[in-house]
Amino acid sequence: MTSKAAHKQTYRVEGFTCAGCAAKFEKNVQHLDGVVDAKVNFGAAKITVYGETTQEAVEKAGAFEGLRIKEDGIRKREEKKDPFYTKYKHLLFSVLFILLAYSVPLMKIENSDIFSTVSFAAAIAVGGYRLFQTGFKNLLKLEFDMRTLMTIAIIGAAFIGEWGEGAIVVLLFAISEVLESYSMDKARESIRSLMDIAPPQAIIIRNGMELAVDAEDIEIGDIMVVKPGQKFAMDGDILEGSSFVNQAAITGESVPVEKHQGDAVFAGTLNEEGYLKVKVTKRIEDTTLARIIHLVEEAQGERAPSQAFVDVFAKYYTPIIMVIAFLVAIIPPLLFGAEWSTWVYQGLSVLVVGCPCALVISTPVAIVTAIGNAAKNGILIKGGVYLEELGRLKAIAFDKTGTLTKGEPEVTDFIRLGDVEEEELWMKMAALEFHSQHPLAHAFLKRAKELNIEYGDCEVLEFQSHTGKGISGRIGDNKYFLGSDSFFVNTPSAEIEMLQREGKTVMVFGVEDTALALVAVADEVRETSREIIDSLHQLGIEQTMMLTGDHENTARSIGKRVGVKEIKAGLLPQNKLDFVKQYMNTYGKVSMVGDGINDAPALAASNVGIAMGGAGTDTALETADIALMNDDLSKLPYIIRLSRKTLTIIKQNISFAIGIKLLALLLVIPGWLTLWIAIFADMGATLLVTLNGLRLLRVRDRK
């Protein structure tokens, strides 16, 4: 169990060739002196170490695989890449020795067989020294993994005189590991590319001078100058200027957003037009982009349910293969008098074909690719479990305000009921709402500003907020009320009901018992809501529900316009939670989509909680299982398609990995299985599942 007090250090790892090697590296680091615990994130190629140890000691624990350890950081530092010859010289020498071994007999020199055998032995030693290092250690510890299987098979081949095939097995196994490593790196590229989005430096004003400062050295409160065409290096608030900002790096949406003084901007986004001065609000490690990268990398390390199945299967699969290989080698000679050399060879071939490489990598390559693809499209998926659950959804519940609607109420209707002038009515209503904290207050003040109403000099005394009813205050000699019709004895109920049927919230303004005006406010439905709900129904989502705290008439009007199948109105957060649990009992897999704040209980209870507008709020990033970084539902059908495609590919990969092995094993019955066929079956299966997983990079948002 990890000690909370233990020192924590995260490193990036270079050189992982397979998931099995990552597991062995984790175990080695856990056994280092001073280490309390260690966790490898194979998807993100990182290791987190708890305890006191050095970087050199961690690197030494990975020496069996030639792993290189780098300090973790938000910036992807430029690193010197090894030349191809240096990196793969052992493979190149192995190829040369194999070519020499096959060419010697053609030269018709004396003792050519001895020369060939020595060349094959050299090819095995040079190409497989890392393999044997690990394989022999595992044999001594009775740990049986794919390297143990390959070591036994190659030594066995040499023992029965099949030096050539042993050398070819070494070479092809090494090539398959290189290809596996390359394909996983390709899958990780989508999230690594996010690290390059934000510029490494920014222009900062210090002591009245403009200086180029590294992003790591910029402090909170610094003033950053961003010119047209430049990217923001840090998160901040605009102090001076206005512009259109392309936020595609964060939200996945390429349409520029208009920004003014006081608006927030994010690292990695592009200033398209204006000259801006921005006050830095977060350090580099805390920017929205940095948090997205961190959360996505954590998600790539989370084990999906299908991965857990594969891990358990592989745990028993390898020992079973060893038992089968042993039985294949001894039963025919002992019981039927068959040739020992022939059936020992067949047994060794079974060991090679039984290598679980393809099976172990079948799920991680798909999960890592899909999560990276989603991140590039402005969607943060917090783990493989949520990615898989998405594809199994049967019902989706939506909050109304800010999800299906824009969340920005606007005044739609104004009806005068007395002789008081409209301008005077608006001045008094705006003066009252100026003191209010109610979400609708903004709509009143916005309309007053549009009408050029000066309400600042209108003094309000004895202001009160009446929970569930509205507000009141004394202006001059009269006490005014603004809110529900329950304040007043006589109100025009016909007009109020008509407006409510249109999905509008109606407020009555008046003095004492006399109503002076009706004001209707509506939260505008998003233009895309109907299209998105229809798309979800076409994708086979059985039930869509709208859960809202709004008035029944308003809820029904909006629900019909967007096309949801069920509408529940007048709900408190607890009621929403109860309904989500009820739907889970009825439909099984249920998702809740909301703003991540008021809907937090329902989001947490659902199988998959999806929060809107993750770029703007830390709450959405923390509470949701999936965060749509752009404040837009249009990505929802895309991630469901991506999830279903991922599930399909995982099932295909597991089937390919096991199916190809079984087909090869069937060749044992007539005695046709060779080491060549075995290694090609193993390498072919590994290549097939990795390339199949990389197809998820091609899944696009159809919008």
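Which residues form a negative surface patch? In this predicted model, the patch is made by D419, E421, E422 and E423. Residues are numbered from 1 along each chain as its sequence is written, and side-chain values use heavy atoms, with hydrogens and water left out. Because the model is predicted, local features need pLDDT of at least 70 and side-chain atom pairs count only at pLDDT 80 or more, while totals for chains, interfaces and linings use all residues.

Patches consist of residues with over 30% relative accessible area and no salt bridge, like charges being joined within 9 Å and nonpolar side chains (Val, Leu, Ile, Met, Phe, Trp, Tyr) within 5 Å. Asp and Glu count as negative and Lys and Arg as positive, with His and the chain ends not counted; a charge is placed at NZ of Lys, CZ of Arg, CG of Asp or CD of Glu. Accessible areas come from the Shrake-Rupley method with a 1.4 Å probe, and for residues only the protein chains shown count as cover. E423 is exposed, with a relative accessible area of 57%; buried means under 20%, exposed over 50%, and partly exposed in between (1.4 Å probe, protein chains only).

A nonpolar surface patch of about 870 Å² is made by V323, F326, L327, I331, L334, L335, F336 and W340. Helix α10 (residues 305–336) contributes the largest share of this patch, seven residues. W340 lies in helix α11 (residues 340–353) and is partly exposed, at a relative accessible area of 43%.

Of the 14 residues of α11, 10 are buried, so this helix is largely enclosed by the rest of the structure. Among the buried residues are W343, Y345 and Q346. The end C-alpha atoms of α11 are 20 Å apart, in agreement with the 20 Å that its 14 residues should span at 1.5 Å a residue; the expected span is 1.5 Å times one less than the number of residues. Helix α6 (residues 146–159) also has 14 residues, of which 11 are buried, so α6 too is largely enclosed by the rest of the structure. G161, with a positive phi near 90 degrees, follows α6.

Positive phi values also occur outside glycine. N207, in the loop between β5 (201–206) and β6 (209–214), has a positive phi of about 55 degrees and counts as exposed at 80% relative accessibility. Most residues other than glycine have a negative phi.

A search of the whole structure finds 21 salt bridges, each defined as a side-chain nitrogen of Lys or Arg within 4 Å of a carboxyl oxygen of Asp or Glu. The side chains of R206 and D222 form one of them (2.6 Å, N to O). R206 lies in strand β5 and D222 in the loop between β6 and β7 (223–226), so the pair ties together parts that are 16 residues apart in sequence. D222 is buried, with a relative accessible area of 13%, whereas R206 counts as partly exposed at 28%. K406 and E527 also meet in a salt bridge (3.2 Å, N to O). Because K406 lies in strand β16 (residues 405–416) and E527 in the loop between β21 and α19 (529–538), this pair ties together parts that are 121 residues apart in sequence.

Key:
Helices (H or I, at least four residues) and strands (E, at least two) are DSSP runs, numbered from the N terminus.
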